[in-house]
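Thanks for coming. I will go through one structure, a few helices and a loop. Please look at the display before I start.

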Amino acid sequence: MAPAPALIICMGTSGCGKSSIGLAVAQALGLPFVDGDDLHPASNVVKMSQGHPLTDEDRIPWLLRIRVTASHLTSKQGVQALAHPGPAEADHINPSDELTSALSHVHPQTIHLGDEMIKRERKAVVVGCSALKRGYRELLSGSKVRLGENTIEPEIESDKLETYFIYREWLTTVCKLPNSDTLTMDQRSVHGTRPLLLHRMSSRPGHFFKAPMLDSQLATLEIPTEDETNVKRINLGQGPEQAEEVGMEGISRAAIEVATEWVGPKVQ
């Protein structure tokens, strides 16, 4: 029996590089990549474009849509459509409206990887998504959750689509142990430094997410705990004061190694 498909989510606040890392993972493993920002309802985009942060109620339909989109793309029909992305070849597949919508959000640099996915025993899709709260991560994982006044039950159950998270971690505090030259890390944070995130965000002109909303995301963020066993951490910083950032290439390599543990290497 084939293993359940996998949804691999590169998580974190805006500006942490989750889309770049997610795309690198997808290309390395021959998987489709979807930027979660593209799946926001129009009302969310308008709200963020006006500089207003999202609430739980705003995010719930978005999170549900991410999971449903991943389910469509890893289904038998979805994999076949990815393997034949041209209109002429796709005619005989006759995808549903939901699958057509899901396919339209696959990153153009990974839309051609269906032939590689079709060879995989375990199908998978990579998504960039903030997944700031534990409740959001549980909902993305197919669990029934309570967010605010709402109890939400996802359409796609956990055993039908297994979810994993890659968490870009910044070790913010480095200190020496007493009577030792050994450095130890004693505080963790997913987001790195605020100035660094703002700098990255400023390099995305025209994006609907406005820099002032970063503080809202940082306040909303619930750092994954050790009992969230489907979350893997990747350190974002290096050096005694964590002042230098690990290059994107190094972070990508680490993320690819983690994802390979979940879904296996690229099929040759």
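In helix 3, the buried residues are Asp56, Asp58, Arg59, Ile60, Trp62, Leu63, Ile66, Arg67, Thr69, Ala70, Leu73 and Thr74. Buried means under 20% relative accessible area, exposed over 50%, and partly exposed in between, with a 1.4 Å probe and protein chains only. Helices are DSSP runs of H or I with at least four residues, strands are runs of E with at least two, and both are numbered from the N terminus.

This is a predicted model, where local features need pLDDT of at least 70, side-chain atom pairs count only at pLDDT 80 or more, and totals for chains, interfaces and linings use all residues. Residues are numbered from 1 along each chain as its sequence is written, and side-chain values use heavy atoms, with hydrogens and water left out.

Back to helix 3. It has 19 residues and reaches 27 Å from its first C-alpha to its last, close to the 27 Å expected at 1.5 Å a residue. The expected span is 1.5 Å times one less than the number of residues.

What does helix 3 pack against? Helix 3 (residues 56–74) and helix 4 (residues 76–83) pack at about 70 degrees, with their axes 4 Å apart. That makes helix 3 roughly perpendicular to helix 4. Axes are lines fitted to C-alpha atoms, for helices over the stretch in contact, and angles run from 0 to 180 degrees between N-to-C directions. Under 35 degrees counts as roughly parallel, over 145 as roughly antiparallel, 65 to 115 as roughly perpendicular, and the rest as oblique. On the helix 3 side, His72, Leu73 and Thr74 meet Lys76, Gly78, Val79 and Leu82 of helix 4; contact means heavy atoms within 4.5 Å.

With helix 6 (residues 97–104), the axes of helix 3 come within 9 Å and cross at roughly 100 degrees. Helix 3 and helix 6 are therefore roughly perpendicular too. Here Arg65, Thr69, His72 and Leu73 of helix 3 touch Glu98, Leu99, Ser101, Ala102 and Leu103 of helix 6.

Next, Cys129. Not counting residues up to four places away in sequence, Cys129 touches Ile9, Cys10, Met11, Gly12, Lys18, Trp62, Leu63, Ile66 and Leu140.

Last, Ala131, in the loop between strand 3 (124–128) and helix 8 (134–140). Is Ala131 buried or exposed? At 0% relative accessibility, Ala131 counts as buried. Its phi is near 45 degrees, a positive value in a residue other than glycine. Most residues other than glycine have a negative phi.
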